[in-house]
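Morning, everyone. I have one structure to show today. Here it is.

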Amino acid sequence: MLNRTSPPAIKDAVEFDLILKPCQHFSLNNGVDVCFINDGTEEVAMLEWVFEAGNSYEDKNTIAATVNQLLKNGTSKKSALDINEHFEYYGAYLNRSCQNEKATLTLHCLSRHLPELLGVIRELITDSVFPREELDIHKQNSIQRLAVNLQKCDFVANRLIDQYLYGPTHPYGRVSNVEDIQAVQREDLLEFFSAYYRRASCRIFAAGRLPQDFTQLLNQHFGDLALNEKIAGVPVQKQMASQKKYRVTNDPNGVQGAIRIARPFPNRHHPDYKKMMVVNTLFGGFFGSRLMSNIREEKGYTYGIHSFIENHIAESALVITTEAGSEVCEATVEEVYKEMQLLRETLVDEEELLLVKNYMMGVNLGDIDGPFHVISKWKGILLNGLDERFFYESMDTIKKITAEEIREMAHRYLNPEDFFELIVI
Amino acid sequence: MIHYERFTLENGLRVLVHEDKSTPMAVLDVLYDVGARDEDPSRTGFTHLFEHLMFGGSIHIPSYDEALQIAGGENNAYTTNDLTNYYLQLPEQNLETAFWLESDRMLSLAFSEHSLEVQRKVVVEEFKEHYLNKPYGDVWHKLRALAYKVHPYQWMTIGKELRHVEEATLQDVKAFFATHYSPSNAILVVAGNVTVDRVRTLAEKWFGPIPAGKKYQRNLPVEPPQKEPAFQEVKAKVPLDALYKCWHIGSRTDENYHTTELITEILGGGASSRLYQKLVKENQLFSNIDCGHFGSTDPGLLYITGKLVRGVSIEAGEKAIAEELQWIKQDLVKTSELEKVKNKSESMIAFEDVSLINRANSLAIYELLGNAEMINEELGKYRAVTAEQIRDLSRRIFVDENCSTLYYRAA
C-alpha cells in the first residue's frame, strides 16, 4: 500500500553547489565591452545595449525617458513607420527602457536575422532626429495615459513612496506631471541624445544562439562609434521626507487601498545586503512568506502582499507593498508591524529556515538555467560594479545564515519607526 | 520541433513527457478540463475560486506549498473560461515530490471550512483589485455580456458578481471536485531533465491508484449567429472616452484560426500595424488602439479597443475604424505585409518555446484541444495562409450584424 502521508525523500537544494556559467567577453575596436553567452535550444538571440543615459543625467524632468522612448521614431533617412516595419518584417522586437542610471535598447530576434537588424540599430543610436510631430503625438498620448494611471491607487502610491524615500528632486523620487510632459522640447531631446547616445558610455550584452561571425558583425556596426566615452556623474541630493505616516484619498469611493511601507536600505555592496536577501524572502519575498501566510492565507485581507529590495544601483529601499480592502487597510498595516516584531524577538525555527533556504536555492537553480537567464544574472552583477563573487557569496549566505543572524538583521532593519507608511485609497 | 512521448494510465489519465537534458529542472503540469464556461449562471466564478482551494491542503498533505518549497520548488496556477492549469518547477532530483503533491490533491482535498472562508475573501479582494478599483475595470464583463446571449463566455473567470463568490459553500466545493477533478478529466505533462521510464514509473505509482472518475460530459448552449448589431453605452468616472468593438469568430480548432490570428496582427499587432499607423499616428484619433482575439475552445471574439484622443468623438473614432476595415475586406494584403505577420508568428513561437514551463503548458493545452502534435504544426499553418483567405474571412467577420459595440463615456 502506497504511503501518501510521508513525503518522498528529497535532496535538500541547500546542498547544491550552483555554478553560474561564465560569460565570455570581447572588446570592440573602440573598447566597448561585449558580454555574451552563446548557447540555447532555440535559434533565437537577445542583444542589449546599455547606455549611461538614465534619468539621473537629465536636467529637465522626463527628458531621458522621452529620448529613450523615441529612439524608434525617426532618423534623417527613415520615418518611424519605416523603422517599425523593418523590425517587424523580421519578426524582431526592439524594446526601450529607461531607468535611473541606465537606459537600454533590447533586441529579440531569430538568430538568422541579426545581420539585417544591426545596421538599423546603429542608425537609431547615431542619427535619431526626434521629429516634432512624433514628439507631439508622444506627449499627447503620454498625458492621456497619465490621466488614466492617476486614477489608480497603486500607481499614485508608488509615486509617493519614492518621493518620501528620496525626495522629489532625486532621480529615484522624481515623477513626471502633465506640465513636465508638456514642457519637453525637441531641442532638449537632441541635446540629451548627443550627450548620452551619440557620445556614450555603452556596454553590450548578448545571449542565445549567436551567428559565427557575431564578433565581426558587432565590430562592423558599433566598433567605430564613440560609445566608450567617460560620462561625468551628476551629483544628486537626497532629501528624505520628515513626516513618516501618510493617508491619501485619491478616490472617495475606492474599495481598496494601496499600502506602501518602506525604509531606506543600502546597495548591493553593503555587507548586510546578502543576509537581508534571505530575511526579505522569509518576511515577504515569496508565497510562503510570513506576510503572505498571515495577511493573505490566514486573514484574507488581500490578494497578495510582498516585500522587496528596490533594484537601484546607488542606494536602495526595503518596501512592503499590497492592495487591501479599504476597511482592513489599517489592520493590515498593524499586522505588518507585528510580523516585524516577531522576527526581531523570536528566533525562526530550524524547519522554516531550511524551507526558505531550499526554496531560495531551488529558485536560483532555475534562475541560472538557459542563456537568457544567465545573461540576466551577469547583467545584474556587472552593472552594479560587482563580480561573480557576489553570486557565490550570496549562495553561501543562503546556505550558512543562522536564526540568530536573521534576528540580528531584523533588529537592525525591521523597526517600525524607520519606515515611511502610506495608504492611498 | 518539440519532442514528446505519450501514454495513458489505466484510469484514463493522459501523460505526456518532454525530455530536455539541457536543464537541471523538471516541470510538472496538470491540466483539468474545466473552465468558467462549465459554471452554473447563478454560481459564476466558482472554477477560479476552486483553483485557490486546491492549495488549501489535500487529503494526506496539510500544506501543498510548504511541501513544495522545502523541495526547492515553486508553482502557480490559472483558470480560463476553458480550462484550469496547475504547474510547478523544481530541481529534477526532487521530481517525486511533485508527483506526491499533485496526485494527492487529485485523489482528494481536505475540504476545510477555514480555507474556503479565507479564499472567498482573497478572491473578493482579487475581484476588487482587478475589476472594481481600476478605471475601465468592468468593461470586459459588459462586453462579454453584450456579445454572448446564451453561451457561458458571457461571464469572466472571476465571476459575474462578488455575491456569487461570497455565497459558495463547502457542499458546492465537494460536488465540483467530484465532477471535474479526476484522472479522466485531466492531462499530465512532465518536462525537463527527466526520462520517459522514470516518469512512467512515478506516474503509475502515484497517479495509477486514483479512481478514474467519470468523464465529464459537456453540454453547453451554442451561441446562435448574431442577427443584428448590438450596442451599449455606459458612463463612468474615467478620464477618457473609450470604444470597444467585437465580432464573433471561430474556435481555436476552427480551420480559420490562423487566418484570424494574422488578421488581428495586420490590424493591430505592433507599431507598424494598420490601425496604429492610421488612427494613432496619422489621424491622431486614438491615443492607443488594440486588436486581438480570444483563441478560445468554443467560438470566440475578435476585438478592437481604444481610447479616444480628448476632443475626438467616439463616433468619429468608430467611423475611422470602419474605413480601415473596409480596406482589408476589399483589397488583397500585400505580399510583404503578409510575410511580415507570418515572420512575427514564427519568432513568437520560437521565443515562447525558450521557456520549459511554456513548452509543458502548450503541450497540455494542445492535447486538450485534441492532439499535442499541434505544437509542431502551428508554424506550417501560419505559413499556408493566403492573401485571399485573409480578405475573404475579413468579409465574413467584419459585418455589422456580427458586431457588438460598447461606448464607454467619461462622465
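Which residue takes a positive phi just after α9(B)? B:G270 does, at about 90 degrees.

Some ground rules. This is a predicted model: local features need pLDDT of at least 70, side-chain atom pairs count only at pLDDT 80 or more, and totals for chains, interfaces and linings use all residues. Residues are numbered from 1 along each chain as its sequence is written, while chains are lettered from A and ligands numbered from 1 in the order in which they are written.

Stay with helix α9 of chain B, residues 257-268. Helices here are DSSP runs of H or I, at least four residues, and strands are runs of E, at least two, numbered from the N terminus.

α9(B) is mostly covered, with 11 of its 12 residues buried. Buried means 20 or more other C-beta atoms within 10 Å of the residue's own, with C-beta atoms placed from the backbone. Among the buried ones are B:H258, B:E261 and B:G268.

Now chain A. It divides into domain 1 (24-222) and domain 2 (245-424). Those bounds come from an automatic or database domain assignment. The C-alpha centres of the two domains lie 30 Å apart. Their contact takes 22 residues from domain 1 and 28 residues from domain 2. Contact means C-beta atoms, placed from the backbone, within 7 Å. On the domain 1 side, α5(A) gives the largest share, eight residues.

How values were computed:
Two residues are in contact if their C-beta atoms, placed from the backbone, lie within 7 Å. The expected span of a helix is 1.5 Å times one less than its number of residues.
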